[in-house]
Amino acid sequence: MTDDFLNVIERPCARQCVRAATEADPQILPATHGRYCSRCWGRIDQALIQAPELTEHILGNVTSTGQAGGERVDATKDAPLPFNEGAFADANELYSLLAYWCGIWADYLEVHTPAPAKRAWRRKSGTVVGLPAGTTPQIGARDVGLMTRWLRERLDNILDLAPEDVDEFDEAIRDVWRMNTRWPRIEKPRYSDLECPASECEAKIAVYPPAEAGGTKSVACDGGHYYSEEEFDELTVQLIAQRLERARLARKAGRQRQSAGRTDQQKADDVRAALWQKYGWVDGKPGEESA
Ligand SMILES: [Zn+2]
Ligand SMILES: [Zn+2]
């Protein structure tokens, strides 16, 4: 028996995740990261990998030049350039949600938060508001990267902590995929014909190129549901099988209609075609009988 198999018996994923393509014969995924399976872990990890570059990209859109250049983004002054409030709000939201969660998990793990989480602009009540003033796209990416690296290094431990907080963290981090859709990069996601199979979602599924050199592509719907590459392949195979089956049934129905409504002329044509196929060609290729 493999280790994986023993794991399934002793430690299934806390969410009882099953492999997507095997609903008829459900195969529960083992808990390989804290109390969760590699899919639950990957959904969070892949979002964290994308977050720094996404932050740089969004901050580059704050001033309407639309480039991730080195312009200053300073919310405390009157913006001298046309100012994209949507981009600023999204960059802030991403930054503050990461700072917030670094704080939550640091308390649980009794370790220090990474420096940017401490520097994040806070209200008197202590709630995180967002980016420190004067953050350039590069500094934003660097600071977000320090927080995401901190989170990724501890992710297995985090996934062993309070399940209701893990669920909330998981939900919050889905914003990365939603923001990816709102702020498309030069390397655009490729859209698949698949609709998201999550209940009542049906959003389009996008395949994102790797966010870092040597990384893996990631797959998520526009509604923020994440899929592993393996699951995506399985879903694609299912879709193709469904289409082939539909096409086969349509052809069968078409043949039945056809044979019911054929004229004598069509029947004569069919006979001629069959005769030609049988006697006109040798070995399936015309003209070879003379060779
Ligand atoms: Zn799982
Ligand atoms: Zn979805």
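What share of the 291 residues of the chain counts as buried? In this predicted model, 29% of the residues count as buried, where a residue is buried if 20 or more other C-beta atoms lie within 10 Å of its own, exposed if 12 or fewer, and partly exposed in between, with C-beta atoms placed from the backbone. Because the model is predicted, local features need pLDDT of at least 70 and side-chain atom pairs count only at pLDDT 80 or more, whereas totals for chains, interfaces and linings use all residues. Residues are numbered from 1 along each chain as its sequence is written, and chains are lettered from A and ligands numbered from 1 in the order in which they are written.

The chain holds ten helices and eight strands, these being DSSP runs numbered from the N terminus, with helices (H or I) of at least four residues and strands (E) of at least two. Among contacts between residues at least 6 apart in sequence, 58% join residues at least 24 apart, two residues being in contact if their C-beta atoms, placed from the backbone, lie within 7 Å.

Helix α2 (residues 38–60) packs with helix α5 (residues 137–153) at an angle of about 170 degrees, and their axes are 8 Å apart; axes here are lines fitted to C-alpha atoms, for helices over the stretch in contact, and angles run from 0 to 180 degrees between N-to-C directions. The angle makes α2 roughly antiparallel to α5, since angles over 145 degrees count as roughly antiparallel, those under 35 as roughly parallel, those from 65 to 115 as roughly perpendicular and the rest as oblique. To this contact α2 contributes residues including Asp45, Leu48, Ala51 and Leu59, while α5 contributes residues including Pro137, Ala141, Val144 and Leu151. The residues of the contact divide into eight nonpolar, six polar and four charged, where Ala, Val, Leu, Ile, Met, Phe, Trp, Tyr, Cys and Pro count as nonpolar, Asp, Glu, Lys and Arg as charged, and the others, Gly among them, as polar.

The 17 residues of α5 should span 24 Å at 1.5 Å a residue, and this agrees with its end C-alpha atoms, which are 24 Å apart; the expected span is 1.5 Å times one less than the number of residues. Among the buried residues of α5 are Gly140, Asp143, Met147 and Trp150, and what covers the buried residues of this helix includes α2, α3 (85–109), α4 (115–119) and α6 (155–158).

Three bridges join β3 to β4, and tyrosine 191 has alanine 206 of β4 as its bridge partner. Between β4 (residues 204–208) and β5 (residues 218–221) there are four bridges; here isoleucine 205 stands opposite cysteine 221, and tyrosine 208 has serine 218 as its partner. Both faces of β5 are covered, with Ser218 and Ala220 buried on one side and Val219 and Cys221 buried on the other. Two bridges join β5 to β6, where valine 219 is partnered by tyrosine 227.

Most residues other than glycine have a negative phi. Glutamate 202, in the loop between β3 and β4, has a positive phi near 60 degrees and is exposed, with 11 other C-beta atoms within 10 Å. In the hairpin of β5 and β6, which has four residues between the strands, glycine 224 takes a positive phi near 100 degrees. Isoleucine 28, in the loop between α1 (3–10) and α2, is partly exposed, with 16 other C-beta atoms within 10 Å.

Definitions and conventions: Pairing = 2+ DSSP bridges.
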